[in-house]
Amino acid sequence: MKTLIIFVRFVVAMAALLLLLLSILVTVIPFAIAFHIPSTHSVHKMSTELQASTSSDNINTEKLLSTLIHAATHGAHTISTLADTARSGNIQFKEEGDARSALTIADTSAQRVIVSSILGAYPNLHIVGEEDESVEVGTDYQYTLKNDLLVNYEWITRSDGKVDEPPPEQLDINLLTVFVDPLDGTREFVEGRLPNVQSLIGVTYKGTPLMGAVGLPFPTTNDNNSTEVLFGLVGKGIGKVCTKKNEEGNTLSEVNDIIKYEVPKMGEYQTGDDITVSSGDSASVRSAVDLADKIFGGITRQGFGATGNKLLKIAEGTTTLSLLHTKTSLWDTAAPTAILSALGGTVTDYFGELLVYNTKELGNRYGVVASGPGSNHLHDDLVKNMRGNKKVLSILKGLDIESFSGLQCVDITRDLDGYLLTPDYFQQALGSSIEGAIKSYYSLEDTAVRGLMSQACRKVRVSIVLSYEFVCSI
């Protein structure tokens, strides 16, 4: 029996060494892929019914954003016109009894219009929508989208005076992903808190949010506006357009009549200002908000609904930090993250790592922290403290919290795609069939390998540390 245990331990050790060698090969050979775990989420493919408007693999950046702005306008228009119908009992629940999982005719209709119209302009575009499982697309729901809304547009740029690297003029369509949340804030929509509701279209390029368009079906900035769309492009800035009500004031104007609308002045946190933190009422976010209150010596708590709404409160300057629970998804955060980034803001998970947008996993299960210009240092202080807080760290299943004190270097214990190296990850990567073979792992902040290395090299170096630190139970 003892000989068998020694043999099994030897096999596991050899497998760990093989994992390390393969990780190094991934760093050296750019086209290699390290331990990808496939996604089972279905995404929209090109519809044979939709007519192509371009045969090139390259898309003009500002023309693409223009079409998304117009699509968001259609989404907002659809939601506003269906408001009474959708809130009069035509509601389903993805999870019975959970108001956050409500699904209305407005959700499905808005996605159908948005996705069909975008595919009409760019049939080969990779689109991931929240309601993909519930919605079919086709030419019957397709609108022609304007691609010239940004010609000679005067962008609102960063208030801190810094100039970001401009975006490329052309984008490789194969490196783009569009994330659509047709109605962000369905619970708020059903409960009548309409100003919280938004229609989100975000685009990532090479896995990073680049542009976003946020449709506002129930705008509050101007009573004469029937819809508004706030949009942003990293490296350029942000802007806003609107459609107007007709002369009677009770019917929406033609959705193609889009005009420029002045963006309200954005505020910026200044040292000494009160620190305001917005969040929802989920239990999973309370520990993080309590920690913020403790480390900053008191905060003003704000309760808002809908993910996009919380993040855009930062862009407006009415919130210093936003904390989101662990059940948001990439379609919730892609668009507002692009807008915040265009202003110099920051969006990470609870531990300071950028959110991962490669569709292998669509949930932001490590929470979300967002900050605007001027408050990035507060953001850094908060996520650093989260790495040493056991209540917050409890979301990392399999982490051996009791075996260490101090800060956990969860920000760098990740694979080359940015996913956390959990025990389940090791289990799959090693190909072990022994249930619970990888019991837990840890990597202390004070022994973490950092420095002026590339992301890939840094993570391979960390895997060397982890190969000696994770605990095997056999």
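This is a predicted model: local features need pLDDT of at least 70, side-chain atom pairs count only at pLDDT 80 or more; totals for chains, interfaces and linings use all residues.
The chain comprises 12 helices and 18 strands. Of its 474 residues, 53% count as buried. The accessible surface of the chain amounts to about 21,900 Å², of which carbon and sulfur atoms supply 50%. When contacts between residues at least 6 apart in sequence are considered, 70% are found to join residues at least 24 apart.

Helix H2 (residues 61–81) packs against helix H4 (residues 105–121) at an angle of about 155 degrees, and the two axes lie 9 Å apart. Because angles over 145 degrees count as roughly antiparallel, H2 is assigned that orientation relative to H4. The crossing of these two helices is right-handed. On the side of H2, the contact is formed by Leu68, Ala71, His74, Gly75, Thr78 and Ile79, while H4 contributes Ala106, Ser109, Ala110, Val113, Ile114 and Ile118. Eight of the residues in this contact are nonpolar and four are polar, with no charged residue taking part. The spacing of such positions may be read against the geometry of the helix. An α-helix has 3.6 residues a turn, so residues three or four places apart point the same way.

In the second pair, helix H7 (residues 307–316) and helix H8 (residues 330–342) meet at an angle of about 5 degrees, with a separation of 9 Å between their axes. H7 and H8 are therefore roughly parallel to each other. Thr307, Gly308, Leu311, Leu312, Ile314 and Ala315 of H7 make the contact with Asp332, Thr333, Pro336, Ile339 and Leu340 of H8. By class, the residues of this contact comprise seven nonpolar, three polar and one charged.

Ala288, Leu291, Ala292 and Ile295 of H6 meet Asp381, Leu382, Asn385 and Met386 of H9. The contact of H6 with H9 draws on six nonpolar residues, one polar residue and one charged residue.

Alanine 288, located in helix H6, was examined individually. This residue is buried, with a relative accessible area of 1%. Beyond residues up to four places away in sequence, alanine 288 touches Leu323, Tyr350, Leu382, Met386 and Val392. Among these partners, Leu382 and Met386 also belong to the H9 side of the contact between H6 and H9. Valine 369 is 81 residues from alanine 288 along the chain, yet the C-alpha atoms of the two residues are separated by 9.5 Å.

The buried positions are Pro423, Tyr425, Phe426, Gln427, Ala429 and Leu430. Just after H11, glycine 431 adopts a positive phi of about 70 degrees.

Technical notes
Residues are numbered from 1 along each chain as its sequence is written. Side-chain values use heavy atoms; hydrogens and water are left out. Helices (H or I, at least four residues) and strands (E, at least two) are DSSP runs, numbered from the N terminus. Buried means under 20% relative accessible area, exposed over 50%, partly exposed in between (1.4 Å probe, protein chains only). Contact means heavy atoms within 4.5 Å. Accessible areas come from the Shrake-Rupley method with a 1.4 Å probe; for residues, only the protein chains shown count as cover. Axes are lines fitted to C-alpha atoms, for helices over the stretch in contact, and angles run from 0 to 180 degrees between N-to-C directions. Angles under 35 degrees count as roughly parallel, over 145 as roughly antiparallel, 65 to 115 as roughly perpendicular and the rest as oblique. Ala, Val, Leu, Ile, Met, Phe, Trp, Tyr, Cys and Pro count as nonpolar, Asp, Glu, Lys and Arg as charged, and the others, Gly among them, as polar. A crossing is left-handed if the near helix is turned anticlockwise from the far one by less than a right angle, and right-handed if clockwise.
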